[in-house]
Amino acid sequence: MTGPVDGGAGRPTDDGDDPLGWPLAQVRESFLAGTLTPVQLLEATLDRIAEADPVLNAMADLAGDSARAAAEAATRRWAAGQPLGELDGVPVTVKDSVRTVGLAWRHGSAAYADLPVSSTDAPPAARLKEAGAVIVGNTTMPDFGMLAAGVSSLYGITRNPWDPTRSPGGSSAGGGASLAAGIGFGSVGSDIAGSVRLPAAQCGLVALKPTQGRVPHLPVSTMRSAGPMARSVDELTALYRVLSRPDPRDVWSLPPEPADHRPDHRPEHRAEPLHPAGLRVGLLTELGHGPVPTAPVLAAVHAAAAAFHSAGATVEPVAAPFGPGSGSGGLGSGGSGGSGADPYLALDRLFQVRARAEFEALSPERRELVLPAVADWAAEAAGRTAVAFSRDTDAVLAAQELLRERLSGFDLVLSPVLPMVGFAAEAVGADPTRPLAHTGFTAWYNQTGQPAAALCFGMDDGCPVGVQLAGRRFHDQLVLRAAGWLEAQRPFPMSWPVPAGPAAPWPVRIGADAGRAEVAR
C-alpha cells in the first residue's frame, strides 16, 4: 500500500493499487500496519460485485449489515493489535448450500425461492465467523447441486470471467466465477462429484476436496464434502486450517490433525515447503470409460508430470482402472454388466436417486419450478427399486475399492480435472443427457474418500486448464504442499481477467442482464 487511507471507510486513496489483487499475506501486513482496514477491503469488494456481477451472475445474496458489522469489529481488533487470526477481516463467500445466519438457503432452485433466511450457521460458516472472516454473501449454484455447470432455475446462468460465453463449472459455480473476478479471498463450496475442483479448473483457481470428514458439514454425508476454493494455495491453506476444525454436529467429523493449526497470522505457522524428490507420483490420464481428455488437457497434465520428474519424483503411468482388462467386469450394474462395464453408470444412477428424493419431497406446485434438465434426468429414478439401488451401491463400492487398490502405491496421483477445457455457459454439462458424465476424474475420489486438489497448469485460447493432485486418505496436508510446490512451477504468471485498479472497466461486457437470462422451460 503506497498511499494513505481515508479514515476507515471507502477505498484506499491510491486507486492504482487495488488490494483485491493482493496476496492474502500482503493484506494481513497492511491490516497490521494500519494502511488498510477490513472496512475498506469490504467496500472495495462490494464495489467489485457491483461492477462484475451484472455480467457474471455469481452472487446469490449479500450479507449487508452483518458483513459491515463483522468488518468493523475486525478493524477494531487489528487496530488494538489483537486479530483473531490470519482470516480476521478478510472478505469471503460461501455457497448457497452452506447455511449461514441471515442469508437465504435456496439450494439453487426456484422451488425454494420463498423460504425464510437461515437461522443457523452450518459448520463452515461457523468456523469462518469464529476466525473473524467477513462473509460478504453467498454464491450461485444449480438446482440441488446436481449439475457440474452454472445453470439454475432460480439464478439463471452464471458465467466465467475468463470468457463470459463459457461455463464456470459447477456446482460451486458462483464461488468459482466470483473468486476469479476478485470477489473475496476465498470461498467455501461443496463437492459431491467434483463441485469445487471443476470450477477451480475452469476458472483458474485452486480448490481442495478434503478427506471425507476433514471439513465438517451438514447434512452429514459420506460422499459430499465442503471444501475451500481460493486464487492461491497459500490462501487455500489458510481457509483449510480454519474449516478443518471439528464440529460435533457432523458425526463423521475427524479429530484435529496433529500439526499446529492455531489461527495465527504469523508466517512460521504456514506449511513447510515440499521437496518432491523421492515421491512416487502416479499419472492417470484415462479411466477406461467416459470422455477422452482433449489435447490441451493432456498437455497441462504432462507438463505437471514433467515438473515433478525434473524435481526428482518418480512418475509412473497408471493403467486405466475401469474398462476391458482392468478387472472391473460387472461393475456397471451390480454384477450384471458384463466384462469391463462402466461403473460410472451405477454412480450416475445413485446421483439420480439423490436428486429424485429431493424432488419428491417438494409439493406438486414446487416441482414445476425445478430446472427441467435436473427434473428430467432425475425422473429416470422414479420407478427404481430398492433392490436395484442396492445393486448399484454394491457396484460403486466395488469400483471404489478397485480404484483405491490401483492407486495405493502412490504418494500422489496426477490427472485431469475434467476431460475438456470447458463448455458453453448455457449448457447443463458436456453431455446434456448425462449432465455429470464429465466428472469421472473427480467423482471417484468422493467415493474413495481421498483428498484431491485442483489447480491451473495450462492455458488454452485464453482460458485456464486445470490439473488434479490426489493423495491417500488423511494426507490432505501433503496434497496442499504438493499443490503449492506445483503452483510455483507454473510456466506462466496468472493474469486474472479483472483489471488491477478500481477505476478500470470490466474487460468484457455482454449486457447488464446477461447472467440472469430466463432459463428456458
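The model is a predicted one, where local features need pLDDT of at least 70, side-chain atom pairs count only at pLDDT 80 or more, and totals for chains, interfaces and linings use all residues. Residues are numbered from 1 along each chain as its sequence is written, and side-chain values use heavy atoms, with hydrogens and water left out.

## The nonpolar core

Let's start on the inside. A nonpolar core is a set of buried Ala, Val, Leu, Ile, Met, Phe, Trp, Tyr and Cys residues joined through side-chain atoms within 4.5 Å. Buried means under 20% relative accessible area, exposed means over 50%, and partly exposed is in between (1.4 Å probe, protein chains only). The largest core here has 138 residues, and the members that touch the most others are L128, F351 and L486. Apart from that core lies another one of 7 residues, including V55, L56, A177 and V498.

What does F351 touch, not counting residues up to four places away in sequence? Its contacts are M146, I192, A193, M223, Y344, W377 and L436. Contact here means heavy atoms within 4.5 Å.

Helices (H or I, at least four residues) and strands (E, at least two) are DSSP runs, numbered from the N terminus. L436 sits in the loop between β11 (412-416) and α13, and it is buried, with a relative accessible area of 4%. Not counting residues up to four places away in sequence, L436 touches M146, L147, A148, Y344, D348, F351 and W377.

Helix α13 (residues 440-448) holds N446, which is buried, with a relative accessible area of 1%. Leaving aside neighbours within four places in sequence, N446 is in contact with D191, I192, A193, G194, R197, K209, Q212, T222 and M223.

## A strand-helix-strand unit

Next up, some strands. Two strands pair if DSSP finds at least two bridges between them. Strand β9 (residues 280-283) and strand β10 (residues 314-317) run parallel and are joined by 4 bridges. Together, β9, helix α8 (residues 295-310) and β10 make a right-handed β-α-β unit. Right-handed means that, with the strands pointing away from the viewer, the path from the first strand over the helix to the second runs clockwise.

## Aromatic rings

A pair of aromatic rings is described by the distance of the centres and the angle of the planes. Rings of Phe, Tyr and Trp (its six-membered ring) pair if their centres lie within 6.5 Å; planes under 30 degrees apart count as stacked, over 60 as edge-to-face and the rest as tilted. The structure holds 6 aromatic pairs, and here are two of them.

| Pair | Centre distance | Plane angle and type |
|---|---|---|
| F31 and W78 | 5.5 Å | 55°, tilted |
| F308 and W485 | 4.9 Å | 35°, tilted |

F31 lies in helix α1 (residues 24-33) and W78 in helix α3 (residues 65-79), so their pair ties together parts that are 47 residues apart in sequence. Both F31 and W78 are buried. F308 lies in helix α8 and W485 in helix α14 (residues 476-488), so that pair ties together parts that are 177 residues apart in sequence. F308 is buried at a relative accessible area of 0%, and W485 is buried at 14%.

Ring pairs also link W105, Y112 and F144 into a cluster. Some rings have a charge over them, meaning that NZ of Lys or CZ of Arg is within 6 Å of the ring centre and within 35 degrees of the ring normal. R99 lies over the face of W105, at 4.2 Å from the ring centre.

Most residues other than glycine have a negative phi, and most peptide bonds are trans. Where are the cis peptide bonds found? One joins G170 and S171, with omega about 10°, and S171 is in the loop between β5 (156-157) and α5 (173-180). Another joins L218 and P219, with omega about -5°, and P219 is in the loop between β7 (206-209) and β8 (225-230).

D461 is not a glycine, yet has a positive phi of about 55°. D461 is in the loop between β12 (452-460) and β13 (463-471), and counts as exposed at 68% relative accessibility. F474 also has a positive phi, about 75°, without being a glycine. F474 lies in the loop between β13 and α14 and counts as partly exposed at 41% relative accessibility.
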